[in-house]
Amino acid sequence: MIELSSLVKTYPASGQRGGRPGRRGARRDDAAAPGEPEAQEELRARQDRTAGARARRGAPQGVGEVRALDDVSISVPAGDVVGVVGPSGSGKSTLARCVNLLERPTSGRVVVDGEDLTAMGPAGLRAARRRIGMVFQHFDLLGSRTALGNVALPLELAGVDRRERERRAAELLDRVGLAEKAGARPSQLSGGQQQRVAIARALAARPSVLLCDEATSALDPASTAGVLALVRELRDELGLTVVVVTHEMDVVRSACDSAVLLERGRVVDEGRLSEVADRPGSPLASRLLPPPPPAPLREGSALLQLVVTGGTEEPVLSALVREHGLDVAVVGGRVEHLGGRRSGHLQLEVLGGAAERAPRLRAATAALRERGVLVESAP
Ligand SMILES: Nc1ncnc2c1ncn2[C@@H]1O[C@H](COP(=O)(O)OP(=O)(O)OP(=O)(O)O)[C@@H](O)[C@H]1O
Ligand SMILES: [Mg+2]
């Protein structure tokens, strides 16, 4: 369970680095050993300077400060996979890094599994961070180590003896489907395989929370699907709470239970995916279920546009035909599986002469609305 309350994170506007632990000038009590989240972050930051420069465009700028997060409160139930989406620079990565306090929020509270991380001293925080795994876009594996050696690294740093850490690392590699690659170096692995190794490494300390910042953004669609399926399986098996930061709506559609939309550091919409379709036109719905463009119709026909939600699982088409005597053809639409439900838009062309059709269509749309079917537009 993750509870963020009234988080504000500001940076100096000039672009000078604003107190990221693990960076140049970091406080030593917070400093990281290689392989720990802070060190992974340092590596990621080095490889990701361009993305950082791109990100620095979006946030609101006060005098002398950038407000990367502006009064953000969200609650993620244990075992949920939440997607954090929004334009570049909207604060997604900052939000993820505030969950394990890689970024210390300027104000607000971060509570993970009932523990207030913002109130902890350095030793407590180090222990709490071990229960929060993190994976990034660029995997950040050590090139000089084998896959097994990379997964074993956090255990080595935690002082686990060699035999035990190798046993556990082998078990984790097996779990992510890479048992036979234990001896391979990162350069001998595909992107998807490297990300699986990074996930195994993030799980080495048995975390309860997994943070994924654009973890599939460098992968092809097949590897993306594989990594997302793995994340969901791990959630099911280990009860992980997962935060998925992404700019890809497909990632949210296929992997998440809920989503949070950030814009300029603020939460502008949030909700469970299974309920998004019930709010057509809301900011999240229009991103997750964009309405199809109006379909061309035959002369004299009328367009009936329905939102497919749980209610539409009723036999809608047969009701229109049998109960209301309408002649319909499907001319467009897009239906997705969102949060375990069918959701989307369906465009029907209603044929026949206007005089005869109009009263039937009126009666039909009223009946559909009564059954809980959302009618977006009808003539
Ligand atoms: N170290 C930093 N120093 C100063 N400003 C920063 C720093 N990191 C982030 N910011 C600011 O915070 C805002 C949010 O950045 P963040 O990296 O969280 O965006 P993002 O939503 O992850 O973007 P992207 O999709 O491009 O990764 C940026 O617009 C930037 O101005
Ligand atoms: Mg980012």
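The legends below describe close-up views of one chain in a predicted model. Residues are numbered from 1 along each chain as its sequence is written, and chains are lettered from A and ligands numbered from 1 in the order in which they are written. Because the model is predicted, local features need pLDDT of at least 70 and side-chain atom pairs count only at pLDDT 80 or more, while totals for chains, interfaces and linings use all residues.

**View 1. The chain has 13 helices and 15 strands.** Helices (H or I, at least four residues) and strands (E, at least two) are DSSP runs, numbered from the N terminus. Of the 379 residues in the chain, 40% are buried; a residue is buried if 20 or more other C-beta atoms lie within 10 Å of its own, exposed if 12 or fewer, and partly exposed in between, with C-beta atoms placed from the backbone. Two residues are in contact if their C-beta atoms, placed in that way, lie within 7 Å. Among contacts between residues at least 6 apart in sequence, 71% join residues at least 24 apart.

**View 2. Six strands form an open sheet in the order 7-8-9-4-10-11.** The pairing in this sheet is mixed; two strands pair if DSSP finds at least two bridges between them. Strand 7 and strand 11 (266-272) each have a single partner strand, so one side of each edge strand has no neighbour in the sheet. On average, neighbouring strands are turned by 15 degrees against each other, direction ignored. Within the sheet, strand 4 (residues 81-85) and strand 10 (residues 258-263) run parallel and are joined by four bridges. Val85 has Leu261 of strand 10 as its bridge partner.

**View 3. Strand 5 pairs with strand 1 and with strand 6.** Five bridges link strand 1 (residues 2-12) to strand 5 (residues 107-112) in the antiparallel sense, with Leu4 opposite Val110. Strand 6 (residues 115-116) is also antiparallel to strand 5, over two bridges, and Asp116 in strand 6 is the bridge partner of Val111. Strand 5 and strand 6 form a hairpin with two residues between them, and Asp113 in the turn has a positive phi of about 50 degrees.

**View 4. Helix 7 (residues 191-203) is largely enclosed by the rest of the structure.** Its 13 residues reach 18 Å from first C-alpha to last, close to the 18 Å expected; the expected span is 1.5 Å times one less than the number of residues.

**View 5. Helix 5 packs on helix 7 at an angle of about 25 degrees.** The axes of the two helices are 7 Å apart; axes are lines fitted to C-alpha atoms, for helices over the stretch in contact, and angles run from 0 to 180 degrees between N-to-C directions. Helix 5 and helix 7 are therefore roughly parallel, a term for angles under 35 degrees. Ala147, Asn150, Val151, Leu153 and Pro154 in helix 5 meet Val197, Ala200 and Arg201 in helix 7.

**View 6. Helix 5 is also largely enclosed by the rest of the structure.** Eight of its 11 residues are buried, including Leu148, Ala152 and Leu155. The buried residues of helix 5 pack against helix 6 and helix 7. Gly159, with a positive phi near 85 degrees, follows helix 5.

Methods: Angles under 35 degrees count as roughly parallel, over 145 as roughly antiparallel, 65 to 115 as roughly perpendicular and the rest as oblique.
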